[in-house]
Amino acid sequence: MTDDLDELDDLDELIVERGDDGVATVTFNRPETLNALTFAGYRALRDTLRGFEGERDVRAVVLAGAGAGFCSGGDRRQIVAALAEMAPAEILAFTRLAGDTVLAMRELGKPVVAAVGGAAVGAGAVLALAADFRIASERARFGFVFAKLGLSGADMGAAWLLPRVVGLPRATELLMLGDVVDAAVADRFGLVHALVPHDALAGKARALAARLAAGPTEAHAVTKRMLDREAHLDLRSAIEAEAVAQAACLQSEAFRAAARRLGGS
């Protein structure tokens, strides 16, 4: 990305709020564009998620969008049009940045809840997909629309993540056709964990995140890591990996406290 492109970026694309209950809320904040991302927006989200790893007071994250959209993907002027004029090395730098943003979410050892109350399209759909939980309202729309731009649906990890959520046939359909599906279809496909009334969306997502934040943070991190890691393992290797990971959890203060409660001491 060039300096000229950086000058176009809105550095206030994210609102980050940290609550006393251990929940941080990250809100995409370009409602006039349905929260389209600029180059700075990708970097800000990646860096914010990476930063949460070292914040002990942040134990769960809600990802939401201001206004009528969740995130409509890359900004048409500041990213889509700009990419058409970039040199190959600059293009690769951008696709790696976009992928790093997803990695930052998946590698964060804390649960992420996406509250989707509007359009989640392109990169926005992949970012919602990368969350650990997706709560949607009836106004949600999901579209992996890369094919409509002459691009592969395999972007930002979508071809790895989506089949694990909806199965290979549905993932093939969504990534190759690029259709935008409404909340009811997304629910039927298994793309969302819960479909709630729009007025209840923020509260439901926050309540789920607060419940997760009140749970065993280190153990949640292990569960999240193993869910991703075990995709590459055979059953025997997965069982051994879980044995080692659970043995570590059994030595934690969270487990000892739970054992004392159960034992009445």
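Select D75 and R77 at the start of helix α3: a side-chain oxygen of D75 comes within 3.0 Å of the backbone nitrogen of R77. This is a polar contact, defined as a pair of N or O atoms within 3.5 Å; within protein, one must be able to donate a hydrogen and the other to accept it, and residues adjacent in sequence count only if both atoms are side-chain atoms. The model is a predicted one, in which local features need pLDDT of at least 70 and side-chain atom pairs count only at pLDDT 80 or more, while totals for chains, interfaces and linings use all residues. Residues are numbered from 1 along each chain as its sequence is written, and side-chain values use heavy atoms, with hydrogens and water left out.

Next, display the whole of α3, residues 76-83, where Q78, I79, A82 and L83 are the buried residues. These four cover an arc of only 90° around the axis and therefore lie on the same side of α3; the arc is taken from the directions from the helix axis to the C-beta atoms. Turn to the other side of α3 to find R76 and R77 exposed. Buried means under 20% relative accessible area and exposed over 50%, with partly exposed in between (1.4 Å probe, protein chains only). Helices (H or I, at least four residues) and strands (E, at least two) are DSSP runs, numbered from the N terminus.

Now select the aromatic rings; the whole structure holds three aromatic pairs. Rings of Phe, Tyr and Trp (its six-membered ring) pair if their centres lie within 6.5 Å, and planes under 30 degrees apart count as stacked, over 60 as edge-to-face and the rest as tilted. F28 and F70 have ring centres 5.5 Å apart and planes at 85°, so they form an edge-to-face pair. Because F28 belongs to strand β2 (residues 23-28) and F70 to strand β4 (residues 69-71), the pair ties together parts 42 residues apart in sequence. Both F28 and F70 are buried.

Move on to F39 and F94, whose ring centres are 5.6 Å apart with planes at 85°, so this pair is also edge-to-face. F39 is in helix α2 (residues 39-52) and F94 in helix α4 (residues 88-107), 55 residues apart.

Finally, show the open sheet of six strands, ordered β1-β2-β3-β5-β7-β10 with mixed pairing. Two strands pair if DSSP finds at least two bridges between them. β1 (14-18) and β10 (194-196) stand at the edges with a single partner strand each, so one side of each has no neighbour in the sheet. Within the sheet, β5 (residues 112-116) and β7 (residues 133-137) run parallel and are joined by four bridges. Select A114 to locate its bridge partner in β7, R134.
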